[in-house]
Amino acid sequence: MVQTPSAMLPLGTPAPYFALPDPSGATHCLGDFADSRALVVAFICNHCPFVIHLREALGAFGRDMANKGVGMVAINANDVENYTADAPDKMVEEAAIAGYTFPYLFDETQEVAKAYHAACTPDFFLFDADHRLAYRGQFDASRPGNDTPVTGSDLSSAVKELLITGTVSSTQIPSLGCNIKWRPGNEPPYFR
């Protein structure tokens, strides 16, 4: 299992635009979250052990965010020709198993992942109400096999701080997970 850290997009970066389909074919875009108090964008996939490790907690986190008026969307950008477990039809199954109530979208071209400088699964980005990046980093310190409970404490604390103060401490720990499965020859410069 190769461990890849977040690329750590600069804080204050405007949220890159996206308009992506969910497995049913319905398109969801950045503008759908214009009235949210904040927005969490998570790059995940179905087969990654790091995502599987936290998926139930991620589902609960998403439901909690909805109750707080915080938007959330997950994006799968993996190459599904070589990683068939991440195909859109399997995303439906994964969302049901994990209890995801937020949109789970497919980035077939991988251009949205590149725009966000996403590097790993999971990779988390928290934007303020103006869609400026306030946090990018880990869900929590738990990893497969490290016996640390999955709590979502880092991301939850960042959301709480943002909603209360309007900012998040710049001390942020990169997420760590499997690398995004780029199509051959499509790896972004920040990943090489």
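**Inside the cavity**

Modeller: Let's start with helix α1 (residues 49-67), which gives the most to the lining of the largest cavity, with three residues. Bear in mind that this is a predicted model, where local features need pLDDT of at least 70, side-chain atom pairs count only at pLDDT 80 or more, and totals for chains, interfaces and linings use all residues. Residues are numbered from 1 along each chain as its sequence is written, and side-chain values use heavy atoms, with hydrogens and water left out.

A helix here is a DSSP run of H or I, at least four residues, numbered from the N terminus. A cavity is a set of points on a 1 Å grid over the protein atoms alone where a 1.4 Å probe fits but cannot get out, and lining residues have an atom within 4 Å of a point. Points are joined across faces, edges and corners, and the volume is the space filled by probe spheres set on them.

There is one cavity of 30 Å³ or more, and the largest cavity has a volume of about 70 Å³. Its lining takes 13 residues, with L54, P122, S142, R143 and L176 lying nearest the centre. By class, that lining has seven nonpolar, four polar and two charged residues. Nonpolar covers Ala, Val, Leu, Ile, Met, Phe, Trp, Tyr, Cys and Pro; charged covers Asp, Glu, Lys and Arg; the others, Gly among them, are polar.

Notes
1 Å grid on protein atoms, 1.4 Å probe; cavity = no way out; pocket = protein on both sides within 12 Å on 5 of 7 lines; lining within 4 Å. Helix = DSSP H or I, 4+ residues; strand = E, 2+ residues; numbered from the N terminus.
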